[in-house]
Amino acid sequence: MTSAPAYEVLRHTFGYDEFRGEQRDIIETLIGGDDALVLMPTGGGKSLCYQIPALVRPGTGVVISPLIALMQDQVDALRTLGVKAGFLNSTQDLDERRLTEQLFVAGELDLLYVAPEGLGVASTQRLLDRGKVALFAIDEAHCVSQWGHDFRPDYLNLSMLHERWPDVPRIALTATATSATREEIATRLDLAGARHFTASFDRPNIQYRIAAKQEPKRQLLDLLRSEHVGDAGIVYCLSRASVEKIADFLVQNGIPALPYHAGLDARTRANNQSRFLREDGLVMVATIAFGMGIDKPDVRFVAHLDLPKSVEGYYQETGRAGRDGQPSTAWLAYGLQDVVQQRKMIETSEGDFAHRRNLAAHLDAMLALCETVQCRRSQLLAYFGQAAPDSCGNCDTCLTPPESWDGTVAAQKLLSTVLRLQRERGQKFGAGQSIDILLGKTTEKIAQFRHHELSVFGIGSDLREQEWRGVVRQLLAQGLLAVEGEYGVLVLTDASSSVLRREREVMMRREPAPAARTKAPKPRRGSSAAAAAPDLDPAATEVFERLRAWRAAGGQEGGGPAYGIFHDAPAKEGGVPAYVIFHDATLKQIAALRPGSLAELSTVNGVGDNKLAKFGQQVLDALAG
Ligand code: ADP
Ligand code: ZN
């Protein structure tokens with residue numbers, strides 16, 4: 001049963017016709033005064049789960065979020081919907097803070113965003129006592145997890161919410177899916193009595209692809225030029241240096257790109273983030289420091305040029321693509337060097353054995369995903385404990401099934417090379433030297449160490465160098481070979497001997513032929529509007545383009561359509577992000593429908609009362625003009 005008020009808010013404030021997934025049950029739980037713990041993938045619609053109860057219940061919904069840089073945008077977006085929202089954090093001046101506090105105490109706020117560190121302060125706690133709190137929403141709740149890379153010590157104090165305000169319902173939300181994280185959140189936030197909601201983690205509109213890394217820069221450029229012309233996207237790199245290098249490279253090749261990493265000063269970071277959110281079609285090249293809480297809905301691709309450290313990380317990062325439900329790409333280039341580098345990093349990392357073992361287990365799961373010949377999506381979902389069909393039809397292994405081959409003999413050749421180097425010579429080398437030996441190359445290093453005298457010299461000329469690299473990579477991924485020490489030299493593992501003794505078969509994924517370009521499963525697209533609207537006919541595409549231009553002007557100009565909605569909205573540079581006015585998906589629907597009246601326009605998903613009043617006539621004018 002849906003309570004009428006929740007549905008009314010959904011329709012009139014947010015302009016949506018239906019609840020998505022479990023939103024309704026979650027919202028009812030909170031309206032009824034109970035606690036909830038919500039695991040939902042990025043883009044699943046978590047915000048409505050606390051925003052609607054905050055609007056329905058008397059008092060203010062207090063949202064705890066670590067993302068203070070995004071609070072202004074979140075609040076602006078809510079104000080555009082006619083929701084009375086404010087925030088308290090260290091970025092605002094005293095006057096703004098006082099005003100927000102007054103509004104809260106006077107019961108004039110529907111939603112109040114606060115930083116976790118702010119809640120620990122006695123004055124904030126007293127402030128909350130002076131007003132009425134409708135609920136507490138703990139966003140990004142996985143920040144309580146000490147294993148995760150988003151750990152925030154201040155989150156550990158949030159269990160006090162329950163002690164101090166036992167009657168206020170709480171909702172904790174995260175996009176991190178594992179049951180271990182869920183248990184940790186429940187324990188640390190004292191949410192034992194909460195109802196648990198776990199949504200399907202499938203993101204059907206994201207196409208997962210993992211390619212063998214050959215010339216990563218060229219491969220990236222191919223992807224952007226053939227499938228993502230004019231699209232916004234994120235390129236993740238491991239190091240600050242490679243972020244800078246790749247951003248420069250893209251700019252030199254005519255693709256508008258910006259860097260983002262922790263080594264840039266705070267202003268540049270804020271500025272680049274703001275441009276990425278506000279402008280259409282920018283590519284952000286970033287370390288994983290970028291992205292949490294970025295709710296830009298039209299990120300069309302996420303590309304990884306380095307191997308993520310865990311499946312959790314990979315899933316969270318790729319999840320930033322396609323929050324609007326439109327087709328999007330998650331592309332990862334991965335090679336031997338990635339495996340060697342990450343294994344090395346783990347081995348030389350600080351922390352005890354248990355910590356290193358934990359890191360290694362995470363890496364192994366990631367490698368298994370990379371090397372699978374099965375559907376990527378079903379493997380991902382299985383990792384998160386969710387059932388999935390065997391084949392999804394929208395990942396690289398489903399679209400172009402990889403060939404597997406019996407690599408047992410190749411594995412034996414490679415492993416015996418490593419064994420002989422060690423037994424006969426007492427030497428350990430990196431992958432390159434073993435491959436050179438197998439290929440029978442006459443390099444300086446071969447001559448220097450007289451490796452041409454080894455019996456395995458030249459016995460591997462049946463495979464190309466790239467294929468041998470694939471063999472090493474897959475042996476590492478399967479734990480049949482290991483790397484050691486600062487130089488990443490190859491060593492045998494306990495499991496290696498079973499291969500050398502011919503007790504087990506080793507099946508491998510075939511490496512792509514050298515000249516093979518990354519095949520694009522999606523058709524080539526033309527202009528940026530066409531890129532964002534592949535399913536519109538040419539006439540509607542033209543209208544969509546016009547609407548986008550209208551939206552861009554509105555989002556950028558001071559005094560444009562986004563202002564004056566809330567009389568004390570602080571004027572700020574740059575205006576609100578374009579998607580705060582209307583999403584691409586909404587503009588597309590409008591372009592296809594071409595409504596002739598406000599009433600007709602109001603039927604479009606994403607057009608609520610406030611936006612209709614504010615922008616409706618402008619949209620009709622843009623359609624007519
Ligand atoms: P999350 O926080 O889970 O990543 P959001 O709350 O930002 O996701 O929602 C993702 C997108 O889906 C937003 O653009 C939001 O407006 C939209 N959305 C959420 N719920 C609904 C719904 N019931 N109907 C239509 N769109 C929705
Ligand atoms: Zn698949």
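Biologist: Is the crossing of helix 5 and helix 7 left-handed or right-handed?

Modeller: Right-handed, in this predicted model. Helix 5 covers residues 94-105 and helix 7 covers residues 122-130. The two pack at an angle of about 35°, with axes 8 Å apart.

Biologist: What makes helix 5 and helix 7 meet?

Modeller: The test is heavy atoms within 4.5 Å. Arg-97, Glu-101, Phe-104 and Val-105 from helix 5 meet Thr-124, Leu-127, Leu-128 and Arg-130 from helix 7. By class, that contact holds four nonpolar, one polar and three charged residues.

Biologist: How do helix 1 and helix 3 pack, and at what angle?

Modeller: Helix 1 (residues 4-13) and helix 3 (residues 46-56) pack at about 115°. Their axes are 9 Å apart. Helix 1 passes helix 3 in a right-handed crossing.

Biologist: Which residues of helix 1 and helix 3 meet?

Modeller: Helix 1 brings Pro-5, Ala-6, Val-9 and Leu-10. Helix 3 brings Leu-48, Ile-52, Leu-55 and Val-56.

Biologist: Why is the contact of helix 1 with helix 3 classed as nonpolar, with no polar and no charged residues?

Modeller: Ala, Val, Leu, Ile and Pro are among the residues that count as nonpolar. The contact has eight nonpolar residues, so none is left for the polar or charged class.

Biologist: Now ligand 1. Which residues are closest?

Modeller: Tyr-16, Gly-43, Ser-47, Arg-323 and His-583 are the closest of the 15 residues that surround ligand 1. Helix 3 gives the largest share of this shell, three residues. The shell divides into four nonpolar, seven polar and four charged residues.

Biologist: What makes the pairing of ligand 1 with Gly-43 a polar contact?

Modeller: The cut-off is a pair of N or O atoms within 3.5 Å. An oxygen atom of ligand 1 is 2.6 Å from a polar backbone atom of Gly-43, so the pair qualifies.

Biologist: And where do Gly-45 and Lys-46 stand?

Modeller: A polar backbone atom of Gly-45 is 3.0 Å from an oxygen atom of ligand 1. For Lys-46, a polar side-chain atom lies 2.8 Å from a ligand 1 oxygen atom. Both distances are within 3.5 Å, so both pairs count as polar contacts.

Biologist: How much of ligand 1 does the protein bury?

Modeller: Taken alone, ligand 1 exposes 570 Å², and the protein buries 85% of that.

How values were computed: Residues are numbered from 1 along each chain as its sequence is written. Chains are lettered from A and ligands numbered from 1 in the order in which they are written. This is a predicted model: local features need pLDDT of at least 70, side-chain atom pairs count only at pLDDT 80 or more; totals for chains, interfaces and linings use all residues. Side-chain values use heavy atoms; hydrogens and water are left out. Axes are lines fitted to C-alpha atoms, for helices over the stretch in contact, and angles run from 0 to 180 degrees between N-to-C directions. Helices (H or I, at least four residues) and strands (E, at least two) are DSSP runs, numbered from the N terminus. A crossing is left-handed if the near helix is turned anticlockwise from the far one by less than a right angle, and right-handed if clockwise. A residue is near a molecule or strand if one of its heavy atoms lies within 4 Å of it. A polar contact is a pair of N or O atoms within 3.5 Å; within protein, one must be able to donate a hydrogen and the other to accept it, and residues adjacent in sequence count only if both atoms are side-chain atoms. Accessible areas come from the Shrake-Rupley method with a 1.4 Å probe; for residues, only the protein chains shown count as cover.
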